[in-house]
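Welcome! Have a look at the structure first, then try each task before reading on.

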Amino acid sequence: MKATIELCDLELDVDLGTYANDDAVPDRHVLNLTLSIDPSLVLIAEDKMARVFDYDPLLERITALAGERRYETQE
């Protein structure tokens, strides 16, 4: 059994892909990510705010990675 975390419709302002001169270049890309992980890494023994995973640093790092450089992608 695995725990699943989903990020849906996370809009990233990035410079991805390779486009010809006449191609429409998107202003942003939308990330939908499903992450499966061992439950022992995400389940907590008690329901207290101090034990809850804070997703903000994860979102900040994804946004930073997307803006650091140009990525070649394959659809």
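**Exercise 1. Find the volume of the largest pocket, and work out which residues line the pocket and what class they belong to.**

Solution. This is a predicted model, and its largest pocket holds about 170 Å³ of space.

Step 1: List the lining. It consists of Ala 3, Thr 4, Ile 5, Leu 35, Ile 37, Leu 41, Val 42, Phe 53, Tyr 55 and Leu 58.

Step 2: Sort these residues by class. Nine are nonpolar, one is polar and none is charged.

Step 3: Ask where they come from. β1 and β2 each provide at least two residues of this pocket lining, and the largest share, three residues, belongs to β1.

**Exercise 2. Count the cavities of 30 Å³ or more, then describe the lining of the largest cavity.**

Solution. Step 1: Count. There is one cavity of 30 Å³ or more, and the space in the largest cavity is about 40 Å³.

Step 1: Name the lining residues. Around the largest cavity you will find Ile 5, Glu 6, Leu 7, Leu 33, Leu 35 and Leu 58.

Step 2: Classify them. Five are nonpolar, none is polar and one is charged.

Step 3: Assign elements. β1 (3-12) and β2 (29-37) each supply at least two lining residues, with β1 giving the most, three residues.

**Exercise 3. Identify the residues of the largest nonpolar core and the elements that give two or more residues to this core.**

Solution. Step 1: Collect the members. Seven residues make up the core: Leu 7, Leu 10, Leu 12, Val 14, Leu 16, Ile 62 and Ala 66.

Step 1: Of the elements, β1 gives the most, with three residues.

Step 2: Follow one member, Leu 7. Leaving out residues up to four places away in sequence, Leu 7 touches Leu 31, Asn 32, Leu 33, Leu 59 and Ile 62.

**Exercise 4. Decide whether Asp 9 is buried or exposed, and describe its phi angle.**

Solution. Step 1: Locate the residue. Asp 9 is part of strand β1.

Step 1: Check the accessibility. Exposed means over 50% relative accessible area, so Asp 9, at 55% relative accessibility, counts as exposed.

Step 2: Look at the backbone. Asp 9 is not a glycine, yet it has a positive phi of about 60°.

**Exercise 5. Find how many salt bridges there are, and which residues form them.**

Solution. Step 1: Recall the idea. Side chains of opposite charge can pair when their charged atoms come close.

Step 1: Count. There are two salt bridges.

Step 2: Examine one pair. The side chains of Glu 11 and Arg 28 form a salt bridge, with 3.2 Å from N to O. Glu 11 lies in strand β1 and Arg 28 in the loop between β1 and β2, so this pair ties together parts that are 17 residues apart in sequence. Arg 28 has 41% relative accessibility and therefore counts as partly exposed.

Step 3: Examine the other pair. Arg 61 and Glu 68 form a salt bridge, and their closest N and O atoms are 3.0 Å apart. Arg 61 counts as partly exposed because its relative accessibility is 43%.

Notes. Residues numbered from 1 in each chain as written. Predicted model: local features only at pLDDT ≥ 70, side-chain atom pairs only at ≥ 80, totals over all residues. Heavy atoms only, no water. 1 Å grid on protein atoms, 1.4 Å probe; cavity = no way out; pocket = protein on both sides within 12 Å on 5 of 7 lines; lining within 4 Å. Points joined across faces, edges and corners; volume = space filled by probe spheres on them. Helix = DSSP H or I, 4+ residues; strand = E, 2+ residues; numbered from the N terminus. Nonpolar A, V, L, I, M, F, W, Y, C, P; charged D, E, K, R; others polar. Core = buried A, V, L, I, M, F, W, Y, C linked by side-chain atoms within 4.5 Å. Buried < 20%, exposed > 50% of the residue type's maximum accessible area, 1.4 Å probe, protein only. Contact = heavy atoms within 4.5 Å. Salt bridge = Lys/Arg side-chain N within 4 Å of Asp/Glu carboxyl O.
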